[in-house]
Amino acid sequence: MLLTSLGISAGIDFVPARGNRNNPHIWNVIITEDGSYPFDSYWSDERWSSYAHYDNKSIDQDWGKYRMAKIYRHTYSTNREIEDWTSSVKKEEIPSLFLNSKIKDVSVEYFDTTNVTIQLPQTATGLPDYVYICVYGNRSWVPVQWGKVDKSNNQVCFEGMGRDIVYMVCKYKNGILETITDPFYLDYEGQTQPVKESGETDDLYVRAIGFFVEKQEKHTSFSPLKNATFVGVSEDNASSDTLHTVSLKSDIWTNQIECNNKGKYRYIDLYLPSDTVSLCEVAFYTTHNSSLVKVPDTELITKLTSIRPNEHPSMILDNLSATGFLGKISEKQPHHKIRFDLGKEYEISAIRYTPYTNSMMRNESSYKLFYWSNGWKEHDTHTGNNGVLIYDSVPMGTLYRIETEEIKAQRNMERIFLYKDGHIYWM
């Protein structure tokens with residue numbers, strides 16, 4: 001209202017459900033011929049420009065990664081496209097979001113979008129004319145876009161969807177969503193990847209029920225890694241190159257960094273800001289036949305002393321993102337450095353690392369693991385141990401989530417995740 005009274009074009013944009021968090025969000029936007037400038041007027045001065053929240057690429061240094069499926073703008077005029085299709089559908093088959101025709105899809109003003117075409121299963125019966133693409137939040141699926149079913153081939157297209165998000169297609173009636181498809185992942189490149197059981201089982205390791213941590217906790221976790229530098233060193237120690245420097249704009253969970261150096265290295269040195277070592281996982285990759293391949297048999301050859309029981313340095317290289325090590329460098333040295341031995345010289349194409357985070361698995365609380373198989377299936381329940389929980393013989397390749405009832409604050413943090421080769425990918 002203040003901006004409008006000054007003759008400045010302004011509006012209110014909103015996301016009905018975020019792609020990797022449990023709540024909606026609403027904010028202001030200044031509208032110019034050059035584009036839109038979002039801001040949260042009630043926040044601090046660093047929030048005057050909020051594109052780090054909405055571009056579906058950035059990682060905010062305070063609050064981590066945000067992913068948006070759809071962004072709409074409140075309007076005074078009627079959106080004829082919404083009004084036209086909703087007028088042909090029974091009201092009980094329309095989610096509340098689309099009962100309001102005075103909204104406009106402005107997703108393309110914020111991030112790269114993809115038109116997603118989905119082949120609906122031939123076994124799906126009683127399909128309505130319109131179905132909905134949904135994201136997950138607060139233990140349910142939430143519709144964010146509509147699509148008209150092509151009954152000639154059982155296909156539906158959802159226009160302008162945000163990437164790096166897991167989706168589900170559902171039909172709706174009288175407040176109840178019924179899933180039609182398996183979940184699928186729309187990746188960074190805009191390609192859909194099916195998410196369904198592979199037929200194999202494996203143990204699943206977790207130390208959290210969601211990816212979100214408070215601002216101060218993120219800074220505390222990153223403090224032992226702030227400005228830490230990965231340096232590649234030749235076998236004869238005669239040459240070295242800086243491969244990557246850690247910043248607060250890294251993810252609190254898994255980071256995969258591309259390296260463009262063309263040198264070959266026998267050792268990777270990690271220079272730290274202090275003698276504290278705080279990591280869940282580190283892995284180094286080379287390129288073979290145009291594909292990234294993990295360097296095998298990497299060894300940590302610096303002596304470290306553990307701070308916490310049941311943690312040891314080998315957990316940094318055990319290919320499990322849920323296990324971790326918090327400790328000190330045992331050796332006195334002029335620089336706070338730990339060294340990894342690759343066994344022989346490699347050209348390093350990428351580095352993957354996961355900072356150390358405190359376990360969320362609170363002592364005496366129960367944590368129930370679910371996996372998706374034509375609906376959520378309960379696998380097992382474990383009691384928290386303030387460390388890592390291991391669920392045995394879990395069906396692989398699908399979607400997972402963990403529930404807890406005892407701690408309300410943790411219930412609000414629950415998120416879905418993918419699990420591949422020992423690594424958790426929060427969605």
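**View 1. The lining of the largest cavity holds 6 nonpolar, 3 polar and 1 charged residues.** This is a predicted model, in which local features need pLDDT of at least 70 and side-chain atom pairs pLDDT 80 or more, while totals for chains, interfaces and linings use all residues. Residues are numbered from 1 along each chain as its sequence is written, and side-chain values use heavy atoms, without hydrogens or water. The lining residues are Val206, Arg207, Ala208, Trp253, Thr254, Ser321, Ala322, Thr354, Ile424 and Trp426, and they surround about 80 Å³ of space. (A cavity is a set of points on a 1 Å grid over the protein atoms alone where a 1.4 Å probe fits but cannot get out, and lining residues have an atom within 4 Å of a point; points join across faces, edges and corners, and the volume is the space filled by probe spheres set on them. Ala, Val, Leu, Ile, Met, Phe, Trp, Tyr, Cys and Pro count as nonpolar, Asp, Glu, Lys and Arg as charged, the others, with Gly, as polar.)

View 2. In total, the model has 2 cavities of 30 Å³ or more.

**View 3. The largest pocket has a volume of about 1400 Å³.** Of its 45 lining residues, Tyr185, Tyr188, Arg352, Tyr425 and Met427 are the closest to the centre. (A pocket is an open set of grid points with protein on both sides within 12 Å along at least five of seven lines.) The lining has 18 nonpolar, 12 polar and 15 charged residues. (Strands, E, of at least two residues and helices, H or I, of at least four are DSSP runs numbered from the N terminus.)

**View 4. Val206 sits in strand S16.** Val206 is buried because its relative accessible area is 0% (buried is under 20%, exposed over 50%, partly exposed in between, with a 1.4 Å probe and protein chains only). Beyond residues up to four places away in sequence, Val206 touches Ala322, Met361, Gly387, Val388, Leu389, Tyr391, Ile402, Phe417 and Ile424 (contact means heavy atoms within 4.5 Å). Look across to Ile329, 123 residues away from Val206 in sequence: their C-alpha atoms are 26 Å apart.

**View 5. Phe417 belongs to the largest nonpolar core, which has 55 residues.** Together with Phe230, Phe284 and Ile348, Phe417 touches the most other members. (A core is a set of buried Ala, Val, Leu, Ile, Met, Phe, Trp, Tyr and Cys residues joined through side-chain atoms within 4.5 Å.) Past its neighbours within four places in sequence, Phe417 has contacts that include Leu204, Val206, Leu369, Tyr400 and Trp426. A second, separate core of 26 residues includes Phe14, Ile103, Tyr130 and Val166.

**View 6. Ser101 lies in the loop between helix H3 (80–86) and strand S7 (103–105).** Its relative accessibility is 16%, so Ser101 counts as buried. Apart from neighbours within four places in sequence, Ser101 is in contact with Ser77, Thr78, Asn79, Ile82 and Glu83. Zooming out, the protein chain has 5 helices and 33 strands, and 52% of its 427 residues count as buried.
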